[in-house]
Amino acid sequence: MASILLLFLLFTVSAVSADEDAFIGVNIGTDLSDMPSPTQVVALLKAQNIRHVRLYDADRAMLLALANTGIQVTVSVPNEQLLGIGQSNATAANWVARNIIAHVPATNITAISVGSEVLTVLPNAGPVLVSALKYIHSALVASNLDGQIKVSTPHSSSIILDSFPPSQAFFNRSWDPVMVPLLKFLQSTGSSLMLNVYPYYDYMQSNGVIPLDYALFRPLPPNKEAVDANTLLHYTNVFDAIVDAAYFAMSDLNFTNIPIVVLESGWPSKGDSSEPDATVDNANTYNSNLIRHVLNNTGTPKHPGIAVSTYIYELYNEDTRPGSVSEKNWGLFDANGVPAYVLHLTGAGTVLANDTTNQTFCVAKDGADRKMLQAALDWACGPGKVDCSVLLQGQPCYEPDNVISHSTYAFNAYFQQMGKSPGTCDFKGVAAITTTDPSHGSCIFPGSKGRNGTISGNGTSLAPSSNSTTSGCPSQYLYSGNFVTNSVIIGVLLVSAVFL
């Protein structure tokens with residue numbers, strides 16, 4: 001995709017190797033009119049357990065907001081800055097000093113994406129692309145950051161010609177003078193080939209040749225699978241076929257040990273009359289299946305079990321973006337942080353657990369530090385104004401009498417009373433969102449449908465009145481006074497306590 005917006009590496013010698021698990025990241029747009037403030041964006045990332053983001057530039061406010069979160073960040077050199085950087089080592093060094101060195105180590109920058117689809121979008125800059133990467137890398141070496149931060153450039157999959165069967169794929173020969181030194185650079189620096197993979201466009205442009213189910217990762221009967229006649233490998237989805245085509249295209253140039261990271265992939269949830277398959281259901285199906293496919297470390301037919309980490313395009317819809325209706329509707333969320341749809345992610349962990357229906361809950365994380373849980377519990381039942389009286393001995397939620405169970409109730413009650421706002425289920429990293437109802441026995445959690453199918457309290461009744469002098473909490477849960485710093489108002493009230 002073109003880069004007027006804003007939000008990813010792994011393997012070894014004669015063949016790509018499986019050194020790390022794959023991850024799912026997200027792309028974040030830069031048009032501030034289409035998204036909340038950086039602080040609110042980061043709150044949403046934390047609430048959704050998103051640990052990898054790609055920015056389309058090096059926006060200072062966003063990088064500052066991401067500081068001290070541990071979230072791994074890929075920053076980008078916009079196309080309009082590429083010519084200057086590719087022609088001047090000093091310009092590249094200044095860019096790195098201003099946009100990288102100024103933010104590390106507080107902000108966990110792990111990669112730099114130089115340009116976006118340069119060979120297809122800005123071909124006149126192609127001759128300086130590799131120089132730009134080398135100059136950026138040299139500046140990192142000078143600051144001893146080259147081991148932490150990798151440098152690459154994302155390509156459109158359209159630079160791969162004759163992409164099916166994948167074993168016959170090769171890069172556009174006219175770009176060999178760029179691709180060969182680029183692949184040598186990636187190999188020598190341990191970096192990945194960045195690729196943008198959009199089965200939606202392949203499907204739309206195939207004139208009915210590519211079945212919709214094949215594009216959406218839907219199960220296919222064996223006789224409907226695509227078979228590479230040269231390798232006899234079976235392909236059940238477009239995504240794997242494109243990634244393997246890139247592997248084979250690199251092999252055609254005698255590079256077999258460079259991993260691939262998919263920097264952009266997604267599906268639009270709305271389109272105009274000429275885009276009938278840009279629907280909420282198809283977007284949900286594609287992204288849900290993609291996330292599951294990546295996080296299961298399925299790999300591809302050519303490299304089964306090899307991680308292909310992927311960044312979803314994109315976090316937010318872009319209502320003001322020019323172009324077709326679909327161009328505005330690739331986001332997982334609208335500008336208010338409301339999901340465009342609820343992903344079907346059973347068995348895919350907690351990443352992007354973006355269900356904001358009445359069946360979303362906030363729970364204590366497994367393995368969380370007990371002292372941290374107790375401190376967060378004290379805060380929720382004190383300044384957090386959660387009614388914790390149900391946790392008293394003899395009350396419905398007293399058992400099991402342990403800090404995990406009690407903090408889960410308090411965290412969820414706070415989460416519900418705050419309207420499930422982004423950032424209200426974190427508590428300094430000891431809480432997480434889940435779609436599994438934590439209610440048990442006669443202890444019905446706020447937000448639960450309970451046994452009779454009716455919703456248990458939307459949370460507004462959980463907070464004591466403004467003139468109340470007590471939180472209604474057991475004395476052992478009283479706030480210790482050490483954990484809250486201040487509050488900020490950004491559109492809606494966001495409590496910027498250490499735990500939120």
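This is a predicted model: local features need pLDDT of at least 70, side-chain atom pairs count only at pLDDT 80 or more; totals for chains, interfaces and linings use all residues.

Trainee: How do you know that the length of helix H11 agrees with its number of residues?

Mentor: Helix H11 covers residues 280-295, which is 16 residues. The expected span is 1.5 Å times one less than the number of residues. That gives 22 Å, and the end C-alpha atoms are 22 Å apart, so the two values agree.

Trainee: What makes H11 mostly covered?

Mentor: Twelve of its 16 residues are buried. Among them are Asn282, Tyr286, Leu290 and Val294. The elements that cover the buried residues include strand S1 (24-28), helix H8 (199-204) and helix H10 (238-252). Just after H11, Asn297 has a positive phi of about 50°.

Trainee: Why is Tyr286 called buried?

Mentor: A residue is buried when its relative accessible area is under 20%. Tyr286 has 0%, so it counts as buried.

Trainee: Which aromatic pair does Tyr286 form, and why is that pair called tilted?

Mentor: Tyr286 pairs with Phe217. Phe217, with a relative accessible area of 12%, is buried.

Trainee: Why is the pair of Tyr201 and Trp330 described as tilted?

Mentor: Its ring centres are 5.7 Å apart and its planes are at 45°, so this pair is tilted. Tyr201 is in helix H8 and Trp330 in the loop between S13 and strand S14 (361-364), 129 residues apart.

Trainee: Are Tyr201 and Trp330 buried or partly exposed?

Mentor: Tyr201 has 25% relative accessibility; this value lies between the limits of 20% and 50%, so Tyr201 counts as partly exposed. Trp330, at 0%, is buried. Both residues belong to one aromatic cluster, which also includes Phe217 and Tyr286.

Trainee: What makes Arg54 a charge over a ring?

Mentor: The CZ atom of Arg must be within 6 Å of the ring centre and within 35 degrees of the ring normal. Arg54 lies over the face of Tyr56, at 4.0 Å from the ring centre. Lys302 lies over the face of Phe248, at 4.2 Å from the ring centre.

Trainee: How do you know that both faces of strand S1 are covered?

Mentor: In a regular strand the side chains alternate between the two faces of the sheet. On one side of S1, Ile24, Val26 and Ile28 are buried, and on the other Gly25 and Asn27 are buried as well.

Trainee: What makes S1 and S13 a pair of strands?

Mentor: At least two bridges are required, and three bridges join S1 to S13, which run parallel. Val26 stands opposite Ile312 in S13. Three bridges also join S1 to strand S2 (residues 52-55), again in parallel, and Leu55 is the partner of Ile28 there.

Trainee: Which residues touch the most other members of the largest nonpolar core?

Mentor: They are Ile100 and Ile136, in a core of 105 residues. H10 supplies the largest share of this core, eleven residues.

Methods:
Residues are numbered from 1 along each chain as its sequence is written. Side-chain values use heavy atoms; hydrogens and water are left out. Helices (H or I, at least four residues) and strands (E, at least two) are DSSP runs, numbered from the N terminus. Buried means under 20% relative accessible area, exposed over 50%, partly exposed in between (1.4 Å probe, protein chains only). Contact means heavy atoms within 4.5 Å. A nonpolar core is a set of buried Ala, Val, Leu, Ile, Met, Phe, Trp, Tyr and Cys residues joined through side-chain atoms within 4.5 Å. Rings of Phe, Tyr and Trp (its six-membered ring) pair if their centres lie within 6.5 Å; planes under 30 degrees apart count as stacked, over 60 as edge-to-face and the rest as tilted.
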